[in-house]
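Trainee: I have a model open and want to learn how to read it. Where do we start?
Mentor: Take a look, and then ask about one feature at a time.

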Amino acid sequence: MKAVVFEKFGEAPTIQTVPDPKPAPDGVVIKVEATGLCRSDWHGWMGHDDGITLPHVPGHELAGVVVAAGKQVSRWKAGDRVTVPFAVGCGRCFECTSGNHQVCEHQTQPGFTGWGSFAEYVGIEHADTNLVRLPEEMEYATAASLGCRFVTSFRAIVDQGRVKPGEWVAVHGCGGVGLSAIMIASSMGANVIAIDLTDEKLEFAKRIGAVATINASTTPNVVKAVKQITNGGAHMSMDALGHPTTSFNSISNLRRRGRHVQVGLMLGEHARPQVPMDKVIAFELEILGSHGMQAYRYSAMMEMIRTGKLKPELLVGKRISLEEAPAALMAMGGFEGIGIGVVTKFG
Ligand SMILES: [Zn+2]
Ligand SMILES: [Zn+2]
């Protein structure tokens, strides 16, 4: 099969012909029909992720068709249209058996712990626990865009952030994660403030549900601006970018008893940011993480998509070919364009 391969961290990946994957006894092989481009792939390529062994094939936001299933797989067969969360749970550890596959102790991640989906085929283990069936009407590019940023935002807003109708939600950063969060929070009846450095992204944020926007490049004090708009602070706030400044602002702009959810990755020199711990205590703030979403929780999200409350297809940005993926991957370290870029041509 053809795949995007890198042999050294930080050196340009190339398209190579490599052996096709074979299904594990409890796994499947999926013919990749669409795979999203994500900043975590860039972090992996840069060598910020300990789990990667070289040579490596990146890619973790995938959708496609099952072409082969191992002997132990009972729920899936060739021809099934599927997607998978980026954190693949073992199904047997304490976290998995208590329903928290997204933080499985033995989790695998396509494109990190093993070869990923910037390829014609990808192998996924523990298929019965982790695969998600695609609704007939959902196209592959949309399905691929769900697997990482959209589901993480869904869990961040709904399960971790516990957003209620009428609450104020601040979303720092309007990339793929931020825009997903804005759409989801606003569909839950919250009042959402979008914060970004570019007017173009803020305009888009308004179109998908934000009731107010703050351009952080022209606003001297973002925390003060959020407090003014919300009359005292947000109930829930998210750092969707992953930067010491946005993380600090997101915690600082909360009202008493507010919830901060960190979704944007903090790696390398950003891994230990400043936290206003004085305020966390005095205001009884909650600081939470959100790391993907369990396959079984997809059904709630899929129903909201089916009824038109959530429209993830609006967040699909550029569509490119596998040949164009190496250049696009290397460019992910800069600021993204609007929406989620997806590889949809593999031939
Ligand atoms: Zn991702
Ligand atoms: Zn597990």
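Trainee: Which residues are the protein donors of the zinc ion (ligand 1)?
Mentor: Donors are N, O and S atoms within 2.8 Å of the metal (3.2 Å for Na, K and Ca); water is not among the atoms, so sites may look incomplete. Here the protein donors are Cys-38 (SG), His-60 (NE2), Glu-61 (OE) and Cys-148 (SG), lying 2.0 to 2.2 Å from the zinc ion. Along the sequence, the donor residues follow the spacing C-x21-H-E-x86-C.

Mentor: A word on the basis. This is a predicted model, where local features need pLDDT of at least 70, side-chain atom pairs count only at pLDDT 80 or more, and totals for chains, interfaces and linings use all residues. Residues are numbered from 1 along each chain as its sequence is written, chains are lettered from A and ligands numbered from 1 in the order in which they are written, and side-chain values use heavy atoms, with hydrogens and water left out.

Trainee: What is the geometry of the site of the zinc ion (ligand 1)?
Mentor: Four donors count as tetrahedral if all angles lie between 85 and 135 degrees. The ideal angle for four tetrahedral donors is 109.5 degrees. This site has angles of 96 to 124° among its 4 donor atoms, and is tetrahedral.

Trainee: Which parts of the chain does the pair Cys-38 and Glu-61 tie together?
Mentor: Start with the elements: helices (H or I, at least four residues) and strands (E, at least two) are DSSP runs, numbered from the N terminus. Cys-38 sits in the loop between strand S3 (28-36) and helix H1 (39-46), and Glu-61 in the loop between H1 and strand S4 (62-69), so the pair ties together parts that are 23 residues apart in sequence.

Trainee: Is Glu-61 buried or exposed?
Mentor: Buried means under 20% relative accessible area, exposed over 50%, partly exposed in between (1.4 Å probe, protein chains only). Glu-61 is buried, at 0%. Cys-38 is buried too, at 4%. In helix H1, Gly-44 is buried at 2%.

Trainee: How many disulfides does the structure hold?
Mentor: A disulfide is a pair of cysteine sulfur atoms within 2.5 Å. The structure holds 0. Cys-96 is buried, with 4% relative accessibility.

Note on methods
Tetrahedral: all angles 85-135°; square planar, octahedral: opposite > 155°, others 65-115°.
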